[in-house]
Every structure is written in structure tokens, then in C-alpha cells.
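Here is a short tour of the model on your screen, written for someone who likes cut-offs next to the values. Have the viewer open and follow along.

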Amino acid sequence: CASVLPSMLAQLLNSCFIIVDGFFIGQNMGDVGLAAINVAWPITALFQALSLCIGVGAAVRIATARGQNQMQEVAQVRGNAISLLTLTALVCSVVLYHASPVLLPFMGANEEIYPMALEYIQVVCALAVGQMVSTGLLAVLRSMGSAVAAMAITVAGLFSNILLDWWMIDVKQWGLAGAALATAVSQIGCAVVCLLLVVTHPSVKFSLSSLKMDKTTVERMLHFGIAPMG
């Protein structure tokens, strides 16, 4: 229970980010704003799925290696997870940023909501590294025995998102771009804290050499990550 309950709560709170955005958008931009953010949501969900694939896949390998006291493998998987999350985020950010103007009409964006949906999703794509790294490393952090720390980071990120949504949408009137920026800044903060806790975790020493991706290690991570990605 000491690990499961904080993990469950963290996952529940993580799903509240979009609800918070929806509340402020609905109050300030009405149905059109809500329609725009929902039309663009599948692209955000793709970032989430990819980060879960890498993060949960790495978490399974780390938990297994810790159970067998194979700390060298723990270090290897941790480093590869950091590298793969970062690389995937950067590639997907560039590709989807430029592809989103073409994709949105196929996803249901009509002439009325297209400009708002594009405004929102291009900010999301530009700063997606925060979302992907934080989501993936939260899973890694939990697998290393720091479920409470992962939950605390999620709670802090959610409250900062609420505060930034209020400031950027209600006060500054930055619209959907403000909503996306508020979430992205919160997630970048979570990513930085997660990264610091993961690389300084006392259970295993961090080495820069572990960042070099190993084909077998990556394949094993992705093998276990396919299900949560789906």
C-alpha cells in the first residue's frame, strides 16, 4: 500500500491537467475554445502514449533488475530511458509541429475552431519535451522506490498548472496559447525535478556512459511498453 496508493493517486492527478485547462478555457472562451482543445487533443495523447511506452517499459525493467539485485542493469536502463525520452520528444516535437496544420482538418477542425486549435497544439508540440520527460521519468522514479516523491511532484505540477492557467488565461488573456503554455511550463518544472531525483537516486550511481543507447536494452524497454502505449 505504501507504494501502490501514491502511484494510483499520482496517475489520477496526472489526468487532471486537461480538466484544469478545460475549466479555464470554458470560462473565458466558451464552447468554441473547448471544441478547439478537444479536436487537438489526440496529438497531445500521442505524446502521452509514447512517453508511457518508454517510461513504463523502463520501469518494468528497472523493477525486475532491482529485484534480482542487478544494479548495473538498473543504471543502464535508467540512462537509456532518459536518452530515448529526450530524443523521441525532440523528433516528435519537430515533426508534429509542422504536420499539425495538415492534420487538424482531418481530425475535425472546421474553419471556426481551426485557428484556435492550431494555436494551442503548436505550443504543445514546441514544448512537448516537458510532457514526455516528466511522464516517462515519473514511472521510472516510482520503479526505483520513490512513489511518494513521484506523487508529490505530480501534485506540485497540478497546482502550478492551476495558478499559471489563472494568470495566463484569466489575467493576461492569452487564450489557448496561454493554456498550452501554462501546462507546458508546469510539466517542464516536473521534468527537471524528476530528472534531478532520478540521476541522484541513492540506490545506484549515475554515469554519463549509461546515456549511450544500447539496442538490446531499448528493445526490452519497448517490448514491455507497448501495452501501456496502446
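## The loop at Gln 173

Gln 173 sits in the loop between H6 and helix H7 (175–199); helices here are DSSP runs of H or I with at least four residues, strands are runs of E with at least two, and both are numbered from the N terminus. Gln 173 is not a glycine, yet its phi is positive, at about 60°. For background, most residues other than glycine have a negative phi. Is Gln 173 buried or exposed? With a relative accessible area of 52%, Gln 173 is exposed (buried means under 20%, exposed over 50%, and partly exposed in between, with a 1.4 Å probe and protein chains only).

Please keep in mind that this is a predicted model, in which local features need pLDDT of at least 70 and side-chain atom pairs count only at pLDDT 80 or more, while totals for chains, interfaces and linings use all residues. Residues are numbered from 1 along each chain as its sequence is written, and side-chain values use heavy atoms, with hydrogens and water left out.

## A nonpolar patch

Which residues form a nonpolar patch on the surface? They are Leu 163, Trp 166, Trp 167, Val 171 and Trp 174, and together they have about 510 Å² of accessible area. Patches take residues with over 30% relative accessible area and no salt bridge, joining like charges within 9 Å and nonpolar side chains (Val, Leu, Ile, Met, Phe, Trp, Tyr) within 5 Å. The areas come from the Shrake-Rupley method with a 1.4 Å probe, and for residues only the protein chains shown count as cover.

Trp 166, one of the patch residues, belongs to helix H6 (residues 147–171). Trp 166 is partly exposed, at a relative accessible area of 42%. An α-helix has 3.6 residues a turn, so residues three or four places apart point the same way.

## The whole chain

Stepping back, the protein chain has 8 helices and 0 strands, and its elements read α-α-α-α-α-α-α-α from the N terminus on. The C-alpha atoms fill a box of roughly 55 × 35 × 25 Å along the principal axes.

Of the 230 residues, 48% count as buried. The accessible surface comes to about 10800 Å², and 69% of that belongs to carbon and sulfur atoms. Among contacts (heavy atoms within 4.5 Å) between residues at least 6 apart in sequence, 81% join residues at least 24 apart.

How many salt bridges does a search of the whole structure find? The search finds 1, where a salt bridge is a side-chain nitrogen of Lys or Arg within 4 Å of a carboxyl oxygen of Asp or Glu. The partners are Arg 61 and Glu 73, whose closest N and O atoms are 2.4 Å apart. This pair links distant parts of the chain, 12 residues apart: Arg 61 is in helix H2 (residues 16–67) and Glu 73 in helix H3. Arg 61 is buried, with a relative accessible area of 13%.

In the loop between H2 and H3 you will find Asn 69. Its phi is near 60°, a positive value in a residue other than glycine, and Asn 69 counts as exposed at 60% relative accessibility.

## Along helix H3

Helix H3 (residues 71–106) bends by about 60° at Ser 100, and Pro 101 follows within four residues; the bend is the angle between axes fitted to the seven residues ending at a residue and the seven starting there. After H3 comes Gly 108, with a positive phi near 110°.

Ser 93 lies in H3 and counts as buried at 9% relative accessibility. Leaving out residues up to four places away in sequence, Ser 93 touches Phe 47, Cys 125, Ala 128 and Val 129. Leu 87 is also found in H3, but counts as partly exposed at 42%. Leu 87 and Val 133 are 46 residues apart in sequence, with 10.0 Å between their C-alpha atoms.
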